[in-house]
Amino acid sequence: MFNLILFGPPGSGKGTQSEKLIEKYGWKHLSTGDLLRQEMKTETKLGREAKEFIQNGQLVPDSVVIGMIESALEANPNAKGFLFDGFPRTVAQAEALDRLLEQKQTAIHSVLFLHVNQDELIHRLIGRAKTSGRLDDADPEIQRRRQEVYRNETLPVAEYYQRYGKVEHVKGEGAVEDIFQLLCTEIDQKQ
Ligand code: AMP
């Protein structure tokens, strides 16, 4: 089993690269953003609660996302690996994930950190807003808040895994295919 976290700020290309990685490696893709948007679309109780946070550019409470990940892990007992995208976003989530994986006698094997400069991130999110239909992409103020939340709450997650020597840094600027090749090289060295 191989478990990978694709890490990086909003707009760094985690979703795009995740799609390509799961196609190549056959892992189960777990994107908490996608799972939450699905809950909002089907108007579940969880979705209605999450909507408020998402539309304000804030994080959904840890207990909610950890519960979602726990269910997803249980629902996929035969997965050959998991690709976590947009999770964990707080140190508490990272600790909870470690515990859940330990119960399954496995662990996080690698954290790939996509680096993209601030101007490029904003440029990409503005572009994405035109097609994604996501309210949290469309509003510059909410975008700004998401970057701030990332710096304050999510960046410490990279430090958490760094302590265990699990983080590899990858340049997330340039052509999608070139970035994909860089990620594959890192993965193939670890597997
Ligand atoms: P994303 O699609 O990953 O950019 O996530 C969109 C929004 O969903 C975020 O801005 C948060 O409001 C919420 N969200 C997604 N993943 C998490 C998470 N792991 N913890 C808390 N909130 C999350």
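Biologist: How far is a nitrogen atom of the ligand from an N or O atom in the side chain of T32?

Modeller: It's a predicted model, so to speak of local features we need pLDDT of at least 70, side-chain atom pairs count only at pLDDT 80 or more, and totals for chains, interfaces and linings use all residues. Residues are numbered from 1 along each chain as its sequence is written, and side-chain values use heavy atoms, with hydrogens and water left out. With a polar contact taken as a pair of N or O atoms within 3.5 Å, the T32 distance is 2.8 Å.

Biologist: Which residue has a polar backbone atom 3.0 Å from a ligand nitrogen?

Modeller: A polar side-chain atom of Q93 lies 3.0 Å from a nitrogen atom of the ligand. For the backbone, the residue is G86.

Biologist: How much of the ligand's 480 Å² does the protein cover?

Modeller: That 480 Å² is the accessible area of the ligand on its own, from the Shrake-Rupley method with a 1.4 Å probe. The protein's share of cover is 95%.

Biologist: Which helix gives the most to the shell around the ligand?

Modeller: The shell holds 16 residues, each with a heavy atom within 4 Å of the ligand. Four of them come from one helix (a DSSP run of H or I, at least four residues), spanning residues 32-41, and that's α2.

Biologist: Where does the ligand sit?

Modeller: Pockets are found on a 1 Å grid over the protein atoms alone, as open sets where a 1.4 Å probe fits, with protein on both sides within 12 Å along at least five of seven lines. Sitting in one takes more than half of the molecule's atoms within 2 Å of its grid points. The ligand's spot is the largest pocket.

Note on methods. A polar contact is a pair of N or O atoms within 3.5 Å; within protein, one must be able to donate a hydrogen and the other to accept it, and residues adjacent in sequence count only if both atoms are side-chain atoms. On a 1 Å grid over the protein atoms alone, a cavity is a set of points where a 1.4 Å probe fits but cannot get out, and a pocket is an open set with protein on both sides within 12 Å along at least five of seven lines; lining residues have an atom within 4 Å of a point. Helices (H or I, at least four residues) and strands (E, at least two) are DSSP runs, numbered from the N terminus.
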